[in-house]
Amino acid sequence: MRRAVSRWEIVGFSINDVIGSGVYLLPAAAAANLGSASTGAVVLAGLAVLLLVLCFAEAASYFDKPGSAYLYTREAFGERVGFQVGWMTWLARVSSVASLSVGFSRALGFLWPAANSGVGQGLAIAVPLLALTAINVVGVKGGARTAVFLAVTKTVPLLVFIAVGLFFVSVPLATSVAPREGGNLGAAVLLLLFAYAGFENTAAPAGEFKNPRRDVPFALIVQIGVVTLIYTAVQWVALGTLPGVADAQTPLANAAARFLGGWGGLLMTVGGVLSILGTNSNTVLAGPRYLYALAQDGFGPAALATLHPRYRTPTVAILTQTAIALPLAFSGSFEVLATLSVVARLATYFGTALAVPVLRRKLQAPANAFRIPGGPVIPFAAAALCVVFALSAERENLIAGAVALAVGFVLYRFQRKPDGKAALG
């Protein structure tokens, strides 16, 4: 692979994956479940996710190959566990591509009504996805630069919202919002977790980063700090400027329209559209690297482990993911796969947290390796946090996850031998 992505491009890539369309809906959903306490909950969620981020940062500092959590858990616990984590992670990626593509068409419908149905909807789903696929086939540098560009364009509207909105915040309003009757604490916990999700994919293309052992930990730490500050400020401004925020369908657009006028609502709508596109850009880049890493170890057709002779990108893996995601987006069945994302992400987080103490014993740390202070305390606390999150998941999420794991156990038995033939056992 061609090592072409620099440190600050990785930072932009990481931020782009975390700040998605969810932040534009988070204020209403969080306020409905937690009321005024939602601002503090956003901060606490950021600190909790920091435990997981630290685990990924240390694990990433040991490796310069693609695969992220799949690579970490495989090296720590063996191929069977590693495969399950890689399989679950990629399922979350392909369903994410499909759901984000549909979400983009729906968001675009606010600006271009034809995107809501028929040919217009089909074009709004297919054209951006195919364009992102082409960009990533041509080279990881182009994919990374696209991610950075979209990270900037999606963040600017939020910064405008914060910078102007802070002058219009009514503190009594922000501190007197009551949660909706029947608010669900478990739902709020998962909502806040997944508002910060996506950081786990930062190291997926590590084989194409200039200095992944040094730069991935740096990017992860910068990302969690930036995202926590933005999320907290957005929540505070929304609570303090929009009465009835818990019932708003588009809380940021509604709030911005109050203190910026009609153009403010339009700005936040455009920001929401770009957020979805930006997150999908990252997914199109990162997802195929899991397929590539799995195929290198004999899982799946050997062609998935090949690189384009000119562009040095995993072209077959990129095209395969899009070929699967596009029909899912058109069919609507992606919503079934999307229920896997809860358990899939938790499997990724849990496996990596437990892998860190094992990697410390098994591998010789590079001279510049990132090391979490406190010995095993933070990794074990992060693993315990995953259990708490799992207990908050809905039954259908857990059932979908169990089915996917069972399918994974079957697929594992068809690992290819070194000569390329599939083998049982």
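Arg-289 counts as buried, at 0% relative accessibility, where buried means under 20% relative accessible area, exposed means over 50%, and partly exposed lies in between, with a 1.4 Å probe and protein chains only. Before I go on, please keep in mind that this is a predicted model, in which local features need pLDDT of at least 70 and side-chain atom pairs count only at pLDDT 80 or more, while totals for chains, interfaces and linings use all residues. Residues are numbered from 1 along each chain as its sequence is written, and side-chain values use heavy atoms, with hydrogens and water left out.

Arg-289 sits in helix 12, residues 262–296; helices here are DSSP runs of H or I with at least four residues, numbered from the N terminus. A polar atom of the Arg-289 side chain lies 2.8 Å from the backbone oxygen of Leu-285. If we leave aside neighbours within four places in sequence, Arg-289 is in contact with Pro-66, Val-140, Ala-204, Pro-205, Glu-208, Thr-313, Pro-314 and Ile-318, contact meaning heavy atoms within 4.5 Å.

From C-alpha to C-alpha, Arg-416 and Leu-291 are 14 Å apart in space, although 125 residues separate them in sequence.

Now for two helices. Helix 11, residues 251–260, is largely enclosed by the rest of the structure, because seven of its 10 residues are buried. Those buried residues are Pro-251, Leu-252, Ala-253, Ala-255, Ala-256, Phe-259 and Leu-260, and what covers them includes helix 2, helix 7 (140–165), helix 10 and helix 12. After helix 11 comes Gly-261, which has a positive phi, near 90°. In helix 9, residues 185–195, the buried residues are Gly-186, Ala-188, Leu-190, Leu-192, Leu-193 and Ala-195. Their cover includes helix 1 (7–18), helix 2 (22–34), helix 3 (38–60), helix 10 (212–241), helix 15 (340–362) and helix 16 (377–392).

Which helix gives the largest share of the lining of the second largest pocket? That share, six residues, comes from helix 15, while helix 4 (69–77), helix 5 (79–108), helix 15, helix 16 and helix 17 each supply at least two residues. The pocket has a volume of about 320 Å³, and of the 17 residues that line it, Val-343, Leu-346, Ala-347, Phe-350 and Gly-351 lie nearest its centre. A pocket, on a 1 Å grid over the protein atoms alone, is an open set of points where a 1.4 Å probe fits, with protein on both sides within 12 Å along at least five of seven lines, and lining residues have an atom within 4 Å of a point. By class, the lining has 14 nonpolar, three polar and no charged residues, with Gly counted among the polar ones.

Finally, the cysteines. The count of disulfides comes to zero, a disulfide being a pair of cysteine sulfur atoms within 2.5 Å. Cys-55 is in no disulfide, and the nearest cysteine sulfur, that of Cys-386, is 8.4 Å away. Cys-55 is buried, with a relative accessible area of 1%, and Cys-386 counts as buried at 3% relative accessibility.

Key:
Grid points are joined across faces, edges and corners, and a volume is the space filled by probe spheres set on the points. A polar contact is a pair of N or O atoms within 3.5 Å; within protein, one must be able to donate a hydrogen and the other to accept it, and residues adjacent in sequence count only if both atoms are side-chain atoms.
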